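I opened this notebook to look up helix faces, pockets and aromatic contacts, and I write down each definition where I use it.

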Amino acid sequence: MNNIIYINERKNGGGVIMNIFEVAKYFLNTMPMTHKKLQKMCYYAYVWYYVLNNRPLFDNKFQAWEHGPVDPGLYKEYKKYRYHTIEQHEDLDINEDVMVFLNMIIDKYGDLNAGDLEDLSHLELPWKIARGDKLSFESSNDPIEDKYIKTFYLKEYGDISKKEVNFKDKIKEYREKELLYV
């Protein structure tokens, strides 16, 4: 997994990147989902590519919005769907190594719904740090910083390409704790 080849390779300050919209289209071609779930799937693709390859999958930066990590450009593109399922079938020219990586993200997170993914992101330190002491309903466009991503995800989950992680149990624990504070 260390030698991933990128979609639409282009140089950017010594690194190669791919386009977040192509990642989104790949996910939508693979399985219909809501805009909110699409945001989280793209976030976790960014996170795990960065963690496993020590460089970003694409150049976009996610922000710590109320409902979890959001890329503003991706939001602008898909917000018209609101809470409706997006179905898309486009021909994409994607390198096989990239497909293997994106399929791993689908395998790990694809069975979770948008609410599950939102709750999971609310558990995780990079989002919490970016939110600071904002209340849950307050808006924010503060970036989720890469320096917290690698440290947190490796420590919390290890290398998910080599082991199973039960995200549903983590979400269940989170929801049970939240009920204690209601």
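I call a residue buried under 20% relative accessible area, exposed over 50% and partly exposed in between, with a 1.4 Å probe and protein chains only. Helices (H or I, at least four residues) and strands (E, at least two) are DSSP runs, numbered from the N terminus. I note that this is a predicted model, in which local features need pLDDT of at least 70 and side-chain atom pairs count only at pLDDT 80 or more, while totals for chains, interfaces and linings use all residues. Residues are numbered from 1 along each chain as its sequence is written, and side-chain values use heavy atoms, with hydrogens and water left out.

**Entry 1, helix α7.** I looked up which residues of α7 are buried, and found Asp146, Ile149, Phe152, Tyr153 and Tyr157. They sit on the same side of α7 because they cover an arc of only 130° around the axis, the arc being that of the directions from the helix axis to the C-beta atoms. On the face turned away from this buried side I found the exposed residues Lys147, Thr151 and Lys155. Just after α7, I noted that glycine 158 takes a positive phi of about 75°.

A pocket is, on a 1 Å grid over the protein atoms alone, an open set of points where a 1.4 Å probe fits, with protein on both sides within 12 Å along at least five of seven lines; lining residues have an atom within 4 Å of a point. I read about 270 Å³ for the second largest pocket, a volume being the space filled by probe spheres set on the points. Its lining includes Phe152, Glu156 and Tyr157, and α8 (167-180) gives the most to it, with five residues.

For the largest pocket I read a volume of about 370 Å³. Of its 14 lining residues, the closest to its centre are His35, Trp65, His67, Tyr75 and Tyr83. Helix α2 (residues 35-53) supplies the largest share of this lining, four residues.

Rings of Phe, Tyr and Trp (its six-membered ring) pair if their centres lie within 6.5 Å, and planes under 30 degrees apart count as stacked, over 60 as edge-to-face and the rest as tilted. Tyrosine 43 and tyrosine 44 are edge-to-face, at 5.1 Å centre to centre and 65° between the planes. Tyrosine 43 also pairs edge-to-face with phenylalanine 62, with centres 5.3 Å apart and planes at 80°. Tyrosine 43 lies in helix α2 and phenylalanine 62 in the loop between α2 and β3 (63-65), so the pair ties together parts that are 19 residues apart in sequence.
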